[in-house]
Amino acid sequence: MMLYLSKDDIRVLTSVEMGMKNHELVQKGLIVSIAQVKSGVGKILMDLCRKRLMQYESSGSRYSGYRLTNMGYDYLALRSLAARDVIVSFGNQIGTGKESNIYVVGDKDGETLCLKLHRLGRTCFRKVREKRDYHKQRKQMSWLYLSRISATKEFAYMKALFDRGFPVPRPIDFNRHCVVMDLVHGHPLQQITEVDDPEQLYDDLMNLLLKFANHGVIHGDFNEFNIMIKDNGEPIIIDFPQMVSTNHPNAKEFFDRDVKCLQDFFRRRFNYESELSPNFLDIERMDALDAEVSASGMTKQMEKDILQHLLQDDQDEEDLDSSDEQETDEDTDCALEETEKPADETEKPADEAEVINHDNEGTSVEEPLETDESEIATMRKEVVDEVDDLKDLHSLNRQWKPFRDHLEGAQSIRSVSTIAPEDVKKRVKDALSKKDRSDKSKRIRAKGDASNVLRARRENKHEVKASEDAFF
């Protein structure tokens, strides 16, 4: 179908995407103003709706418009990747997850790549709005927008991890909700029943989990479904949108959960148990990867503090090395001076200097102490006076309290309704019956522009017939 989409079709699809940034349903007038197509916008919209690249919906009798479907969003992303010569062919689907679809694609050199389409909003995984902070402080958001944010985060994590030598697929490019990466020639750990050395594999995965944390991030879903085993036995880690910072409020819980998932799987599948496992207290920060990619749980102030701390550690190491070199130089100079010093020369006593220093220290410490004690005394006096004033207010309040009661001996005044009970029952009954009638009424949904025109004509005709002031 993509081969037969014209430039006007793509412009209309792009205009609907731009309109959905601020509108849930984009009206035809806004699409025409954004697309700037010469003519035939209505025909293009009908054709795209028939191809299921967009959908016409109505939120009632007053507002209706078009919205982009998942397939239409896929076509826009794939066309952009094809225009950049990242992919030239599209293959079969090789995997399905709770929030993504995995396909095989080919590039211009004939190599096989992997394409991941993020599909947030499925019925089985709609808690993503509560579990992750993609939407920040926004109250309303579309699933297409959340899928785009998820793909952007995954590409950023994958790029940073790959540059640091982690065993992850090589990221190639991304657009909207699509991520293109190298195809891993292997199988998920969940599909593997036997391994040559389960002890070595367990150690490698636990060390890798701790290495993630030392760089400032926690995978958050480190289990057999997101661990690929290559043909040579090396593990490859996939799926990174849910990664969080080690400074996240629930970082320890996520870290311990990853460790437990791995332990349970090895005990269940390979009958292997080990008493050795990493602890959250074993984490030693050696990089600021979470600050680099703005991981979940990382604030601007945390990024500044972490980067400053790492720079300070590097500077301390440099100062330590330079001080060691300086001390060695001073030791050699002192040794040379001692050898060159005359035998009759003696060291001068430093008693006078010590006495002067002690006197100065005594005077400089005592004066501030006297001023501090006087300030503390005044502050205590102010606090005591304030407490005494509060006590007086309390006694005055108790003294004048009886005169605030309008009725003697009355502790409280009860409010009595002036509406008759029969009227209350009648109103409640009418409200319940009205609600039942509204629930039983069928909701009318428009199916297109023609249906809206016919509905408006029917409403106008009904108003003319029911009007008592109309004379013909």
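Start with the hairpin of S4 and S5: select the 5 residues between the strands and find Gly110, which takes a positive phi near 85°. Strands here are DSSP runs of E with at least two residues, helices are runs of H or I with at least four, and both are numbered from the N terminus. You are looking at a predicted model, in which local features need pLDDT of at least 70, side-chain atom pairs count only at pLDDT 80 or more, and totals for chains, interfaces and linings use all residues. Residues are numbered from 1 along each chain as its sequence is written, and side-chain values use heavy atoms, with hydrogens and water left out.

**Around strand S4**

Now select residues 100-106, strand S4. 7 of its 7 residues are buried, so the strand is largely enclosed by the rest of the structure. Buried means under 20% relative accessible area, exposed means over 50%, and partly exposed lies in between (1.4 Å probe, protein chains only). In a regular strand the side chains alternate between the two faces of the sheet. In S4, Ser100, Ile102, Val104 and Gly106 point one way, while Asn101, Tyr103 and Val105 point the other way.

Strand S5 (residues 112-118) runs antiparallel to S4 and is joined to it by 7 bridges; two strands pair if DSSP finds at least two bridges between them. Gly106 has Thr112 in S5 as its bridge partner. Strand S3 (residues 89-96) also pairs with S4 in the antiparallel sense, over 5 bridges. Thr96 is opposite Asn101 in S4, and a hairpin of 3 residues joins S3 to S4.

Select residues 70-83 for helix H4. At 1.5 Å a residue, its 14 residues should span 20 Å, and the end C-alpha atoms are 20 Å apart, which agrees; the expected span is 1.5 Å times one less than the number of residues. Buried residues in H4 include Tyr73, Leu76 and Leu81. After the helix comes Asp85, with a positive phi near 60°.

Leu81 also takes you to Asp173, which touches Leu81, Arg84, Val86 and Phe155, among others, not counting residues up to four places away in sequence. Contact here means heavy atoms within 4.5 Å. Asp173 lies in strand S6 (residues 171-175) and counts as buried at 15% relative accessibility. Show its side chain with that of Arg84 to see a polar contact at 3.1 Å. Such a contact is a pair of N or O atoms within 3.5 Å; within protein, one must be able to donate a hydrogen and the other to accept it, and residues adjacent in sequence count only if both atoms are side-chain atoms.

**The S8-S10-S11 sheet**

Next, show the open sheet of 3 strands in the order S8-S10-S11, with antiparallel pairing. Strand S8 (186-188) and S11 stand at the edges with a single partner strand each, so one side of each has no neighbour in the sheet. S10 and S11 pair over 3 bridges, and Ile229 has Pro235 in S11 as its bridge partner.

Then select Asn232, in the loop between strand S10 (227-230) and strand S11 (235-237). Is Asn232 buried or exposed? Asn232 is exposed, with a relative accessible area of 52%. Its side chain reaches the backbone nitrogen of Glu234 at 3.2 Å. Its C-alpha atom is 8.7 Å from that of Gly186, 46 residues apart along the chain.

Finish with Cys114, buried at 8% relative accessible area, and Cys49, partly exposed at 25%. The model has 0 disulfides, counted as pairs of cysteine sulfur atoms within 2.5 Å.
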